[in-house]
Amino acid sequence: MQVDRQIFYACVALIAIGIIFSLSLPVFAVLYFNYETYHFFIRQLAVGALGIFLMWSISLLNPDKALVWIGFALFIVCGLSMGLMHALPSSMVTDAGGAKRWIRLPGFSLAPVEFFKIGFVYFLAWSFARKIDDSKKSLKEEFKLILPYAFLFLIVVYLIAVLQNDLGQVVVLALTLIMMAFFAGTSLRLFGLGAIAAIALATLAIATSEHRILRIKSWWGTIQNMVLSMLPENLANALRVADAPEPYQISHSLNAIKHGGFFGEGLGAGVFKLGFLSEVHTDFVLAGIAEEIGVLGVSAITFIVIFLLYRIFRVSSRSENKVYHLFSLGIGLLISLSFLMNSYGITSITPIKGIAVPFLSYGGSSILALCIGIGMVLMVSKRAKG
C-alpha cells in the first residue's frame, strides 16, 4: 500500500514557504547582530531539506515494526534529556529567560521538548489502546483508569512549565491528552472534568508566575476597551485594569496585519519587521507574512494547513489499528492547536503563548520534530483503509 502523498506535499509546501520568509523576515536581526546576509535562510533551508528527507525516509518503514521503536525512543530519551539538561554546565545548554531549553551540539542546538511532544503522543496512543475501551464504566472506575496519566502529566508539567518556564507547550499537551482520552473511549463526564482540571492547573501556573500575570494584564489591556464597552458601566469599571502595561508586541502585530491589507505590501517590503516585531521570524511569523502577502496569502497558507489536517484526520479515521488511529489523531491535534494558539495570540484573541507556527516559524527543532511525526503518520497511512 502507498503512503498518503498529499500529506507529504502539503508539508513540503509549508516548509518551502517558511524557507522563503526566513530570507525576508529576519532582516533586522541580521543587521542588529551582524550576521551574514543569508544566515537564517541557509540554516532554514538546511533544516527544511533534512526534515523532508527524514519525513520521506521514515514513511518507507514498516509501521508494525518501526513505529513503536521511534515513538518510545522519542518519549524516553527526550523526557530524560529535559530532566538532565538542567544539571549540565552552561557551556552545553542555551538559556531563554533564565530557563534551559536547548542542548548545544556541534554547529546547532536542539530543544528536546519538541521531540518529546511526538513521543508523548505516541505513548498516549499506545497506552490508551491497551487500557481504555468503549465499554460503559462508572465515573469512579474511569477516574482510577485515568489517574496514572494525571500523575505522568504532573511530571510533564514540572519538566516543561517549571524547569523550562514554558506554559504554552503544557497547554498544547494538556488539550491533546484530554481529547485523545475522549476519542479513546472515556465518557463525556470525564472529558469535562479533565477540561476543568486543565483550566485550574493553567490558572495556578499563571497565578504563581509574575511574568505570566504581566502577560495576561498586557493582553487584557489590548482588548478591554472593546470588551467592556459591551457591559454595564458599573461592571465595566470593576473589570477595568488601569495600570495594564503597554502591549508593545501585540500592537505592532495588529498594525502589521492591518498594514498588509488584502494583497500585502509585497515580498520583502514589510516595515514592521524592521525592529518593531522583535520575534517576527519565530513567534510573530504570521504577522510578518500577513504584512508582506496580505490576507489573501495568509488565507492560502491557512487552506494548506486545513488540507493537511483533513488528510491526517482522514488517516486516523480510516485506521483500524487503535494505536495508529490515536497517534495520527494526536499529531493532527498538536499541529491544529499550535496553529490556532499562535494565530489567536498574534491577533490578541488570546494571550501570547510563545508557540511556534508548524513548519513556518524559524527553528530547527520544531521543524525536524514535526517532520518525524508526519513521517510516522505517513507510515501509518499505508495501513489505513482506502
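Keep in mind that the model is predicted.

**A kink in helix 6**
- Helix 6 covers residues 139-162 and has a kink of about 40 degrees at I146.

**Helix 3 beside helix 14**
- Two packed helices are described by the angle between their axes and the distance between the axes.
- For helix 3 (residues 39-59) and helix 14 (residues 364-381), the angle is about 20 degrees and the axes are 7 Å apart.
- Angles under 35 degrees count as roughly parallel, so helix 3 and helix 14 are roughly parallel to each other.
- Their crossing is right-handed.
- Among the residues that meet are V47, L50, G51 and M55 from helix 3, and I367, L368, C371 and G375 from helix 14.
- Sorted by class, this contact has 14 nonpolar residues, five polar ones and no charged ones.

**Two residues with positive phi**
- Most residues other than glycine have a negative phi.
- N34 is not a glycine, yet its phi is positive, about 60 degrees. You can find N34 in the loop between helix 2 (27-32) and helix 3.
- F359 is not a glycine either, and its phi is positive at about 70 degrees. F359 lies in the loop between helix 13 (322-346) and helix 14.
- Which of these is buried or exposed? N34 is exposed, with a relative accessible area of 68%, whereas F359 is buried at 1% relative accessibility.

Key:
Residues numbered from 1 in each chain as written. Predicted model: local features only at pLDDT ≥ 70, side-chain atom pairs only at ≥ 80, totals over all residues. Heavy atoms only, no water. Bend = angle between axes of the 7 residues up to and from the residue. Helix = DSSP H or I, 4+ residues; strand = E, 2+ residues; numbered from the N terminus. Axes fitted to C-alpha atoms, helices over the stretch in contact; angles between N-to-C directions. Parallel < 35°, antiparallel > 145°, perpendicular 65-115°, else oblique. Left-handed = near helix turned anticlockwise from the far one by under 90°. Contact = heavy atoms within 4.5 Å. Nonpolar A, V, L, I, M, F, W, Y, C, P; charged D, E, K, R; others polar. Buried < 20%, exposed > 50% of the residue type's maximum accessible area, 1.4 Å probe, protein only.
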